[in-house]
Amino acid sequence: NPAFVVSNLSRDLNMAGASVAVKEDAAYNARFIANVAKVLSPRVGRVSRYGLMGRFGSRQGFTGLMPSLMRKYLAGELNPADETERYFKEFMDEGAETGFVNMLSVDSFKDKMAKELGRMQGTTFNPIKARKGTKEMHITKGLRMMGEIFEFYNRCAEDATRFIVYMTSRQMGKTLEDSVADAKDVTLNFNRKGTGAMMNGVIRDLFIFTNPAIQALANMYKM
């Protein structure tokens, strides 16, 4: 959902700003604010293939640091001599990224792999059910590419605040482990599920987003 990019980022920034203000000292807060400006400031002008419009071959458009870092990471092109790029590689490699995890069934996984193979071979989404050599329709291909773009920027939005906190913690002298913990717990840690005691496991199965709701209340209480 393209609307998710801005709304999710704004919520994360509000929560992170409040959390950092309560938990950390003035020096940390000043560095955090500076890093917010550095990572999230939009840039207009000539873009590289890592810019927002670079995928479409445009030389002018909007670009930003976070999409650039993500694309470089996925391509294995981050520069360890650059402080920000080095911290981003640590952030990704050490598991500070926190997101939704979907466990597919065996049949669902087989179907997903069939679709991927079909796209690679230039056939329709499912080569098992489609006639051999049938090409993917342009409109379907366009919608799929649009979905991939939205998914990419949703991921950047989800990671941006956490990476800012991680980089700030590292710059302030915290260990790698403490910085990862700061990043994962600054808003909602979707990898934290609890023990399931006191009927929590049953309630999680019955009501969607129970875990984030409980975490949010607990975090606000602690703050």
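Start by selecting Asn 154, which sits in helix 6 (residues 138-171); helices (H or I, at least four residues) and strands (E, at least two) are DSSP runs, numbered from the N terminus. Asn 154 is buried, at a relative accessible area of 13%. For the whole tour, buried means under 20% relative accessible area, exposed means over 50%, and partly exposed is in between (1.4 Å probe, protein chains only). Show what touches Asn 154, skipping neighbours within four places in sequence, and you get Asn 1, Phe 4 and Val 5; contact here means heavy atoms within 4.5 Å.

Before going further, some ground rules. This is a predicted model, in which local features need pLDDT of at least 70 and side-chain atom pairs count only at pLDDT 80 or more, while totals for chains, interfaces and linings use all residues. Residues are numbered from 1 along each chain as its sequence is written, and side-chain values use heavy atoms, with hydrogens and water left out.

**Colour by confidence**

The protein chain has a mean of 81, and 79% of its residues reach 70 or more. Confidence is highest in helix 4 (residues 83-93), at a mean of 96, and lowest in strand 2 (residues 60-63), at 53. Then select residues 50-57, where pLDDT stays under 50; the model has 25 contacts beyond four places in sequence for them. Where pLDDT is low, the predicted coordinates should not be read in detail.

**The aromatic rings**

Next, select Tyr 73, Phe 88, Phe 91, Phe 163 and Tyr 166, which form one aromatic cluster. Rings of Phe, Tyr and Trp (its six-membered ring) pair if their centres lie within 6.5 Å; planes under 30 degrees apart count as stacked, over 60 as edge-to-face and the rest as tilted. How many aromatic pairs does that rule give? The count is 6. Take Tyr 73 and Phe 88: their ring centres are 6.1 Å apart and their planes are at 85°, so this pair is edge-to-face. The pair links distant parts of the chain, with Tyr 73 in helix 3 (residues 65-75) and Phe 88 in helix 4, 15 residues apart. Is Phe 88 buried or exposed? Phe 88 is buried, at 0% relative accessibility, whereas Tyr 73 is partly exposed, at 23%.

Move on to Phe 91 and Tyr 166, an edge-to-face pair with 5.9 Å from centre to centre and 65° between the planes. Phe 91 lies in helix 4 and Tyr 166 in helix 6, so this pair ties together parts that are 75 residues apart in sequence. Phe 91 is buried, with a relative accessible area of 0%, and Tyr 166 is buried at 0% as well.

**Helix 3**

Select helix 3 by itself. Of its 11 residues, 8 are buried, so helix 3 is largely enclosed by the rest of the structure. Among the buried ones are Leu 65, Met 66, Arg 71 and Lys 72. Step past the end of the helix to Gly 76, whose phi is positive, near 70°.

**A buried lysine**

Jump to Lys 184, in helix 7 (residues 176-185). Lys 184 is buried yet has no salt bridge, and the nearest side chain of opposite charge, Asp 185, is 7.4 Å away. A salt bridge needs a side-chain nitrogen of Lys or Arg within 4 Å of a carboxyl oxygen of Asp or Glu. What you can find is the backbone oxygen of Gly 95, 3.0 Å from a polar atom of the Lys 184 side chain. Beyond four places in sequence, the contacts of Lys 184 include Glu 97, Arg 162 and Asn 191.

**Last stops**

Most residues other than glycine have a negative phi. Met 199 has a positive one, near 70°; Met 199 is in the loop between helix 7 and helix 8 (200-206) and is exposed, at 53%. Phe 209 also has a positive phi, near 65°, and is placed in the loop between helix 8 and helix 9 (210-222). Phe 209 counts as exposed, at 59% relative accessibility.

Finish on Asn 219, in helix 9. Asn 219 is buried, with a relative accessible area of 17%, and its contacts beyond four places in sequence are Met 15, Thr 187 and Leu 188.

Technical notes
Lys and Arg count as positive and Asp and Glu as negative; His and the chain ends are not counted. A polar contact is a pair of N or O atoms within 3.5 Å; within protein, one must be able to donate a hydrogen and the other to accept it, and residues adjacent in sequence count only if both atoms are side-chain atoms. pLDDT is the predictor's confidence in each residue, from 0 to 100.
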